[in-house]
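Biologist: I would like to learn how to read a model like this one. Please take one feature at a time, with the general idea ahead of the case.

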Amino acid sequence: METNKMDLFNFYLDHETKELCIMKLQELIPVATKGTLSALIRTLLWQFAHTDTKDVNPTLIEAVKLNYIVSKNRNKRSSL
């Protein structure tokens, strides 16, 4: 995975999910102290972007659609 120039990208993430991810990352990568959550997000997005459309898990897409609707209804979604 090659890293190109990166831009700042902000989004909302609930506290519980953030903490659960950080705890799991600390368990799996104990020597890393900072930046693993960002690295996880970048890696997951890279994998999604580089997966053939036909191979994307339909359950994932349904979860994304549901989360999008919930976010939109809460007015927490950026218009960008």
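Modeller: A helix here is a DSSP run of at least four residues, and helices are numbered from the N terminus. Keep in mind that this is a predicted model.

Biologist: How many helices and strands does the protein have, and in what order do the elements run?

Modeller: The protein has three helices and zero strands. Read from the N terminus, the order is α-α-α. Helix α3 covers residues 58-73.

Biologist: How should I read a salt bridge?

Modeller: Side chains of opposite charge can pair when their charged atoms come close. There are four salt bridges in the structure.

Biologist: Are glutamate 62 and lysine 65 buried, partly exposed or exposed?

Modeller: A residue is partly exposed when its relative accessible area falls between the buried limit of 20% and the exposed limit of 50%. Glutamate 62 has 48%, so it is partly exposed. Lysine 65 has 46%, so it is partly exposed as well.

Biologist: Where else do charged side chains meet?

Modeller: Aspartate 7 and lysine 5 form a salt bridge at 3.3 Å, N to O, and both residues are exposed. Another bridge joins aspartate 52 and lysine 54 at 3.9 Å, N to O.

Biologist: Which residues are linked with Asp52 in a network of salt bridges?

Modeller: Lys54 and Asp55 are linked with Asp52 in that network. Aspartate 52 counts as partly exposed because its relative accessibility is 48%. Lysine 54, at 67%, counts as exposed.

Biologist: Now the aromatic rings. How many aromatic pairs are found in the whole structure?

Modeller: The search finds one aromatic pair. It consists of phenylalanine 9 and phenylalanine 11, whose ring centres are 6.4 Å apart.

Biologist: Why is that pair called tilted?

Modeller: Planes under 30 degrees apart count as stacked and those over 60 as edge-to-face, with the rest called tilted. The planes of phenylalanine 9 and phenylalanine 11 stand at 35°, so the pair is tilted.

Biologist: Where does phenylalanine 11 lie, and how exposed are the two rings' residues?

Modeller: Phenylalanine 11 is in the segment before α1, the helix of residues 15-28. With a relative accessible area of 45%, phenylalanine 11 is partly exposed. Phenylalanine 9 has 65% and is therefore exposed.

Biologist: Which residues make the nonpolar surface patch?

Modeller: Phe9, Phe11 and Leu13 make that patch, which is about 340 Å².

Biologist: What do the figures for the protein as a whole say about burial and surface?

Modeller: Of the 80 residues in the protein, 5% are buried. The protein exposes about 7800 Å², and carbon and sulfur atoms supply 58% of this area.

Key: Residues are numbered from 1 along each chain as its sequence is written. This is a predicted model: local features need pLDDT of at least 70, side-chain atom pairs count only at pLDDT 80 or more; totals for chains, interfaces and linings use all residues. Side-chain values use heavy atoms; hydrogens and water are left out. Patches are made of residues with over 30% relative accessible area and no salt bridge: like charges are joined within 9 Å, nonpolar side chains (Val, Leu, Ile, Met, Phe, Trp, Tyr) within 5 Å. Accessible areas come from the Shrake-Rupley method with a 1.4 Å probe; for residues, only the protein chains shown count as cover. Helices (H or I, at least four residues) and strands (E, at least two) are DSSP runs, numbered from the N terminus. Buried means under 20% relative accessible area, exposed over 50%, partly exposed in between (1.4 Å probe, protein chains only). Rings of Phe, Tyr and Trp (its six-membered ring) pair if their centres lie within 6.5 Å; planes under 30 degrees apart count as stacked, over 60 as edge-to-face and the rest as tilted.
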